[in-house]
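I opened a new notebook page for this structure. I wrote down what I looked up, entry by entry.

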Amino acid sequence: MIEEEVIRCRGAKKFEEKYLRKGFKDKISVIRILDSRGENFKLSKAYAGKVDVINVVTVLEIEMLIIHNENKYREYKKSRKKPSDFCKEDLRMADVKTYRFVKNYFADPMVLVAAIKKYHEISKVPKGEYALLDLLR
C-alpha cells in the first residue's frame, strides 16, 4: 500500500518506475502477497538497499480453509481428492468455487481467522517465509 491504496504491480522493474521514484526518505517495506513461491521480484542495485521486500505466500486454496473450518482435514487427506472436489462431493458445497459462496461462508471474520489458524498448525512454512497467519499479526 502507498497512501492507503493497494498496489497491484507484480514486476520489480515496473514497480521501481511507477513507485520508487517518489523519493522516499527512509527505507520502505514492500509486502507482496503471492499464491506461488516461484514469482521473482528482483530490484535493481539502486533500490535493493532502500527497500525491504517481504513475501507472504498463500499457496493454499480457499477450499482448504473451508475443510479446516469444517474439521474434515483427516477425511480430506484420506480421500486423495482435490480440495474443491472434496468440498463439492463430500461436504455438498456445489458452488464452493464462487465468490458469493466464499464471501457468505466467511461472512464472520472470526470464522476465517480460526480457519487460518487451524491450517497454519498443520502447514509446513519454510524458514524465512511468511504465510496468511503472519498477516493477522
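Predicted model: local features only at pLDDT ≥ 70, side-chain atom pairs only at ≥ 80, totals over all residues.

**Entry 1**

Next I asked where Lys 42 sits. Its place is in the loop between strand 1 and helix 2, the helix of residues 45-48. I then checked Lys 42 against Glu 61, which is 19 residues away along the chain. Their C-alpha atoms are separated by 26 Å.

**Entry 2: Strand 1**

I turned to strand 1, which covers residues 28-34. Which residues make up its covered face, and which its uncovered one? I noted Ile 28, Val 30, Arg 32 and Leu 34 on the covered face. Ser 29, Ile 31 and Ile 33 are on the uncovered face.

I also looked for the pairing of this strand. Strand 1 pairs with strand 2, residues 51-57, in the parallel sense. I noted seven bridges between the two. For Val 30, of the covered face, the bridge partner in strand 2 is Val 53.

**Entry 3: A nonpolar patch**

I went back to Ile 31 and Ile 33 of the uncovered face. Together with Leu 135 they make a nonpolar surface patch of about 290 Å². I found Leu 135 in helix 8, residues 132-136. Leu 135 counts as partly exposed, at 38% relative accessibility.

**Entry 4: The largest pocket**

How much space lies in the largest pocket? I wrote down about 750 Å³. The pocket is lined by 23 residues, and the closest to its centre are Val 6, Ile 7, Ile 31, Arg 32 and Ile 33. I then asked which elements give two or more residues to the lining. They are helix 1, residues 12-19, and strand 1. Strand 1 gives the most, with seven residues. I noted that Ile 31 and Ile 33 are among the residues closest to the pocket centre and also belong to the nonpolar patch. Arg 32, also among those closest to the centre, is on the covered face of strand 1.

**Entry 5: Salt bridges**

Side chains of opposite charge can pair when their charged atoms come close. How many salt bridges does the structure hold? I noted four.

Lys 97 lies in the loop between helix 5 (83-89) and helix 6 (99-105), and Glu 63 lies in helix 3 (residues 62-69), so the pair ties together parts that are 34 residues apart in sequence.

Another pair is Lys 81 with Glu 89, where the closest N and O atoms are 2.9 Å apart. Lys 81 counts as partly exposed, at 28% relative accessibility. Glu 89 counts as partly exposed too, at 45%. I followed the links from this pair and found a network of salt bridges that joins Lys 81, Glu 89 and Asp 90.

I also looked up Arg 100 and Asp 95, whose side chains meet in a salt bridge at 3.6 Å, N to O. Arg 100 is exposed, with a relative accessible area of 54%. Asp 95 is partly exposed, at 27%.

**Entry 6: Positive phi values**

I looked for residues other than glycine with a positive phi, and noted Asn 71, with a phi near 55°. Where does Asn 71 lie? It lies in the loop between helix 3 and helix 4, residues 73-79. Asn 71 is exposed, with a relative accessible area of 55%. I also checked Asn 71 against Ala 46, 25 residues away in sequence. The two are 49 Å apart in space, C-alpha to C-alpha.

Arg 80 is not a glycine either, and its phi is positive at about 60°. I found Arg 80 in the loop between helix 4 and helix 5. Arg 80 counts as exposed, at 80% relative accessibility.

Technical notes
Residues numbered from 1 in each chain as written. Heavy atoms only, no water. Buried < 20%, exposed > 50% of the residue type's maximum accessible area, 1.4 Å probe, protein only. Helix = DSSP H or I, 4+ residues; strand = E, 2+ residues; numbered from the N terminus. Pairing = 2+ DSSP bridges. Patch = residues over 30% accessible without salt bridge, like charges linked within 9 Å, V, L, I, M, F, W, Y side chains within 5 Å. Areas by Shrake-Rupley, 256 points an atom, 1.4 Å probe, with all protein chains shown as cover. 1 Å grid on protein atoms, 1.4 Å probe; cavity = no way out; pocket = protein on both sides within 12 Å on 5 of 7 lines; lining within 4 Å. Points joined across faces, edges and corners; volume = space filled by probe spheres on them.
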